[in-house]
Amino acid sequence: MKEYIIGIDAGGTKVAYGLFDRAGNLLDRCQHPTDVHADGPALCDKMIETVGALLEKNGLTLAQVHGVGVCMPSFIEFDKGLIHMTSAIVRVKNFFMRDYLQSRLGVQVVLDNDSNCAALAEFRRGAGRGARHMIYCAVSTGVGAGIIIDGQLFRGSYGCAGENGHMLATPDEGFLCGCGNRGCYMSHIAGRQLPDRMRARERQAGIESGECWNGERLLRAYEAGDPLAVAEMEHMAKQLGVLVFNMYQFLNINLYVFGGGLVNLGPALFDRAREVFDSYDHVKMPVEFRFAALKQDFGIIGASELLI
């Protein structure tokens, strides 16, 4: 009897795997670093190998698996299972990942964008429970969104709805993103571009610190009053607040659930982003900002929800 589901969350930093029963209970999990230089087949072959190891560890076989859900930080044409591009793993593009995995695993595979899966997970099991509409906002290595309208995930015409990180904040100005454009919100907010942004600030100030900038280092420097860190945090908060305000104006959805690694920046980023949002919102209807409730497992849970 096919009693198990596997959820795979492939991000720009790690690939996580969860083994679930059909009721959605997480039974086991594992992960490995993401090979950001891998192409589609190489990434999938590593997934297949790891799925086999996870099943073997639990005394199971693929014959007992109902299906595999996979979420990727990619532009995905959902109905075709086609990845057009992946800004965090740039060689994974123009690749029919669903069919590749399905033909080799011999079980049903469902592929979707990581923010869509996170939105499903938080709406059904996390911070969005009981809501009618919700937008999940991923703020991490990358920036993205998953949109829930009337309890249903909205994917758009080609399955690519919610790519708010690639909306243009400063068209043709700023850092180049993996999407091929300069000046998208991703380049202004995301953790992947944080080292570039901080090195540019240091060069402008005539400093060569040699620091390895990441979110944790940024927060420490911000709390210590480092003027470059304070300026960067203000910049990120301003861009994030404007991005959420624009989504609110366009869709009039009043619940925003934030997840991803940069939520660890806490009030330094999100309280200020809320202030920016409120400064532009002159109607003042109730709008909620919440943090995701499912912590590090939201991706694998969301991927499994594609099959539940």
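Reply:
**The aromatic cluster and beyond**

One aromatic cluster is formed by Phe245, Tyr248, Tyr256, Phe258, Phe270, Phe277, Tyr280, Phe289 and Phe291. The model is predicted, with local features requiring pLDDT of at least 70, side-chain atom pairs counting only at pLDDT 80 or more, and totals for chains, interfaces and linings using all residues. Residues are numbered from 1 along each chain as its sequence is written, and side-chain values rest on heavy atoms, with hydrogens and water left out.

In total, the structure holds 10 aromatic pairs; rings of Phe, Tyr and Trp (its six-membered ring) pair if their centres lie within 6.5 Å, and the planes count as stacked under 30 degrees apart, edge-to-face over 60 and tilted for the rest. Phe270 and Phe291 make an edge-to-face pair, 5.1 Å centre to centre with 85 degrees between the planes. This pair links distant parts of the chain, since Phe270 belongs to helix α8 (residues 267-280) and Phe291 to strand β12 (residues 288-291), 21 residues apart. Helices (H or I, at least four residues) and strands (E, at least two) are DSSP runs, numbered from the N terminus.

Phe277 lies in helix α8 and Phe289 in strand β12, so the pair ties together parts that are 12 residues apart in sequence. Phe277 is buried, at 0% relative accessibility, while Phe289 is partly exposed at 21%.

Aromatic rings also meet charged groups. The charged end of Arg104 sits over the ring of Tyr100, 3.6 Å from its centre, and that of Arg217 sits over the ring of Trp213, 5.0 Å from its centre. The criterion is that NZ of Lys or CZ of Arg be within 6 Å of the ring centre and within 35 degrees of the ring normal.

Beyond β12, the loop between β12 and α9 contains Ala293, which is partly exposed at 44% relative accessibility. Ala293 and Ala121 are 172 residues apart in sequence, yet their C-alpha atoms are 9.5 Å apart in space. Residues up to four places away in sequence aside, Ala293 touches Glu122, Gly126 and Ala127; contact means heavy atoms within 4.5 Å.

Ala121 and Glu122 are among the buried residues of α3, together with Ser115, Asn116, Cys117, Ala118, Ala119, Leu120 and Phe123. Nine of the 12 residues of α3 are buried, so this helix is largely enclosed by the rest of the structure. The end C-alpha atoms of α3 (residues 114-125) are 16 Å apart, in agreement with the 16 Å that its 12 residues should span at 1.5 Å a residue; the expected span is 1.5 Å times one less than the number of residues.

Helix α9 (residues 298-305) includes Glu305, which counts as buried at 6% relative accessibility. Leaving aside neighbours within four places in sequence, Glu305 is in contact with Leu120, Arg124 and Arg125. The side chains of Glu305 and Arg124 are joined by a polar contact of 2.7 Å, that is, a pair of N or O atoms within 3.5 Å; within protein, one must be able to donate a hydrogen and the other to accept it, and residues adjacent in sequence count only if both atoms are side-chain atoms.

Helix α1 (residues 40-57) has 18 residues and reaches 26 Å from its first C-alpha to its last, close to the expected 26 Å. Its buried residues are Gly40, Leu43, Cys44, Met47, Thr50, Val51, Leu54 and Leu55. They cover an arc of only 135 degrees around the axis, which puts them on the same side of α1; the arc is that of the directions from the helix axis to the C-beta atoms. The face turned away from this buried side carries the exposed residues Glu49, Glu56 and Lys57. Among the elements covering the buried residues of α1 are β4 (65-72) and α2 (97-105). Asp39 caps the N-terminal end of α1, a side-chain oxygen lying 3.0 Å from the backbone nitrogen of Ala42.

Methods: Buried means under 20% relative accessible area, exposed over 50%, partly exposed in between (1.4 Å probe, protein chains only).
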